[in-house]
Amino acid sequence: MTTGVLLLVHSYPKLALEYNLAGVHLSSTTAISPVRQKLPPEMLVGVSRHGTDALDQDDIGLADYATISPVYSPVSKPNDRRNTLGLEGLRDSVRRSYRPLVALGGIKPGRVSVAIAHGVKAVAVIGAVMAAENPASVVQRLLYEDAHRATKSRFRGLTVYRHSAGGVSTALNR
């Protein structure tokens, strides 16, 4: 079964290279440039950003995408006191960013298509799966139920193109 899911590793570019993964995702405190220089151009580099203002950081142009969080209160971090973006903050983040955004924080079944309708290109899920009695069931619901609804709302994925001159462009597949 093919789901079209890309596998990236968090914070370990050497593992991404060793296992020929789609790329690496970096924390908000990791410099993007040194990592980008070590990876082949076809590997994705994503970065975490917390709050809309963090999208203005200078190095974000070196990333293929950014996670924006927290959209809702994170299930995996019950004591997290950061302000949530909410759906209006999410929409504002999408308007301000020139990079594709991935919604993170409190994403669970039923919220994927809502986030996509607000302009993000994908979602990242942690707590809804980790806290579930039956994680496989939650993953199945996320992959099939929500992805099916999102597809019906004309979202089918994101393609990242790297140009030989070093530029990056993205295309939303419809």
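Student: Why is S11 called partly exposed in this predicted model?

Tutor: S11 has a relative accessible area of 33%. Buried means under 20% and exposed means over 50%, with partly exposed in between, so S11 is partly exposed. The residue lies in the loop between β1 and α1.

Student: What makes the phi of S11 worth a remark?

Tutor: Its phi is positive, about 75 degrees, although S11 is not a glycine. Most residues other than glycine have a negative phi. N20 also has a positive phi, about 50 degrees, and is not a glycine either.

Student: Is N20 buried or exposed, and how do you know?

Tutor: N20 has a relative accessible area of 66%, and exposed means over 50%, so N20 counts as exposed. You will find N20 in the loop between α1 and β2 (23–26).

Student: Why is A103 called buried?

Tutor: Its relative accessible area is 0%, and the cut-off for buried is under 20%, so A103 is buried. A103 belongs to strand β5 (residues 101–104). Leaving aside neighbours within four places in sequence, its contacts include I68, V71, L90 and A115.

Student: How do you know that the charge of R111 sits over the ring of Y72?

Tutor: The charged end of R111 is 3.7 Å from the centre of that ring. The distance limit is within 6 Å, and the charge must also be within 35 degrees of the ring normal.

Student: What joins S69 and P70?

Tutor: A cis peptide bond, with omega about -15 degrees. Most peptide bonds are trans.

Conventions. Residues are numbered from 1 along each chain as its sequence is written. This is a predicted model: local features need pLDDT of at least 70, side-chain atom pairs count only at pLDDT 80 or more; totals for chains, interfaces and linings use all residues. Side-chain values use heavy atoms; hydrogens and water are left out. Helices (H or I, at least four residues) and strands (E, at least two) are DSSP runs, numbered from the N terminus. Buried means under 20% relative accessible area, exposed over 50%, partly exposed in between (1.4 Å probe, protein chains only). Contact means heavy atoms within 4.5 Å.
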